[in-house]
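Work through the two exercises below.

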Amino acid sequence: MTVASSLAGPVSGLRPDARPDARPDAWTVARTVVDPELPVLTLADLGVLRDVRVDGDRVTVTITPTYSGCPAMATMRDDLVGSLRGAGYDDVEVKVSLSPAWSTDWISEHGLEQLRAHGLSAPGPVEPRSGPVPLTLVPVRRQVRCPRCDSVDVDLTSEFGATACKALYRCASCLEPFEHVKEI
Amino acid sequence: MPDHENAYAGLLGDDGSDGGESQWAFGTSLDLPTEDPLAGVDATVPEGADAAALAAYCLMLGDDALVYAHRLSEWTSNAPDLEEDIALANIALDLLGQARLLLSRAAAADPSVVPVLPPGSPVPPEDALAFFRDEAAFRNVRFVEPPSLTDGGDFAVTMVRLLVFSSCRLALMERLTASRDAVLAAVAAKAVKELTYHRDHAGRWVLTLARGTDESRSRLLAALALVWPLHDEMFRTHPVERLVAEQGLGVDPAGLEAEVGVVLDQVLSVSGVDRPQVPQSGPVAGGAGRHGRHTEAMGRLLAEMQVVARAHPSGRW
């Protein structure tokens, strides 16, 4: 069996577990649970849902935090347990996987489309790095377009936003502020 | 099926009716145990590792993050503008998350470090460590203790301290990703990503203040002189740090000084300011923060941070 922590990319598209009963497949149930802070994304689209496995009556779900201080981990766990119980799985355990660390590269194509469709700027690919982390004293350069008017004439307001995963931008063309899910 | 268009749908019951049980905040009525940030994580102590030293080391790194997160969060609603309020709160939250993982790892490695609470208390180990230890049991460096807003606190002071702290911690965490302890290595790998943003943020502010107005520059110079005397402590190796470094679990901070110095000199150089020539504060009676000897500010900080938890040792949050 594959160990959850060894997965290195998005897990969407995994096979449903064979099931002898009438309950909906556990993976299908788990993948509908949405992120509490970005409810336009499912945990599966976000890349936070790492594994779902059924062993007899027991379902073990593995999730990984986006940031160390993600305050939504308890809610994610409760939502997963609640949804699976609602589907007839009474014995549900939610485990945490810390390694490898979550990356915005794990957000699925569908997830990126959902972000754009809801007025957020989606993250670009994470720059590969080798050696020490370089200090960057000039504003980060990203290929960011205004999600409202598609202009490239945008200004970074702050590298930190309303949740740990977002930066704040302003469009210089339509003057609207918007949020960018920052690469990590 | 969840309604992806409606962020509030999940606040209702499974059938969409609230049945009088609506939840207007995070949390559910599922009666599950308190969330454990290491739930299901293999916390086995590596072969040949000294579990007590590993736990003590995790407390050092965890306490640095916990105490500094508390200080940074003092800026919430007090920063120069709303964006900075949010930035500092985000940085504090990242550090608080690191602290939770590290304190939990300490408790898992050596349960004897966790204060004993009344029988039946629901307080998880990470909270017992944060809220029920006395000052002398904290192992953070004194560098993170000064208040943000009082005693001459200034935005420039916070930015200089954040630059020094995040530069040191980033260098440390980069090396800690190679720890033989899989939990520490994983915590470090995530921390590196977060601290990269913290250090850049502080570096840009130091540059901005130095190259800004006469007023901002003079405040920055005053801040450098104020912050510098305690930064040396972060590179003085405690016997526990030496031991865990020898066992391949931790990092000897003395080995970080040159590397961190290059980063700090880079920021100071583009900012057109000199590295402060001020004496280091030095240890007190042979010890410093890593030995449990703290500055006067620490007692007040803990009083504020711990008072509610200590008043309700059997409380559920």
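**Exercise 1.** Which side chain of opposite charge is nearest to A:Asp35, and how many Å away is it?

*Solution.* The model is predicted: local features need pLDDT of at least 70, side-chain atom pairs count only at pLDDT 80 or more, and totals for chains, interfaces and linings use all residues. Residues are numbered from 1 along each chain as its sequence is written, chains are lettered from A and ligands numbered from 1 in the order written, and side-chain values use heavy atoms, without hydrogens and water.

- Step 1. Locate A:Asp35: the loop between helix 1 (26-30) and helix 2 (43-46) of chain A. Helices (H or I, at least four residues) and strands (E, at least two) are DSSP runs, numbered from the N terminus.
- Step 2. Find the partner. A:Lys166 is the nearest side chain of opposite charge, 8.0 Å away. Lys and Arg count as positive, Asp and Glu as negative; His and the chain ends are not counted.
- Step 3. Apply the rule. A:Asp35 has no salt bridge (a side-chain nitrogen of Lys or Arg within 4 Å of a carboxyl oxygen of Asp or Glu).
- Step 4. Look for another partner. A polar atom of the A:Asp35 side chain lies 2.9 Å from the backbone nitrogen of A:Glu37.

**Exercise 2.** Describe the interface of chain A and chain B.

*Solution.* 

- Step 1. Count residues: 56 of chain A are in contact with 52 of chain B (heavy atoms within 4.5 Å).
- Step 2. List the elements. Helix 3 (73-86), strand 3 (91-96) and strand 5 (154-158) of chain A each give two or more residues to the side that touches chain B.
- Step 3. Helix 3 of chain A gives the most, with 10 residues.

Note on methods. Buried means under 20% relative accessible area, exposed over 50%, partly exposed in between (1.4 Å probe, protein chains only). A polar contact is a pair of N or O atoms within 3.5 Å; within protein, one must be able to donate a hydrogen and the other to accept it, and residues adjacent in sequence count only if both atoms are side-chain atoms.
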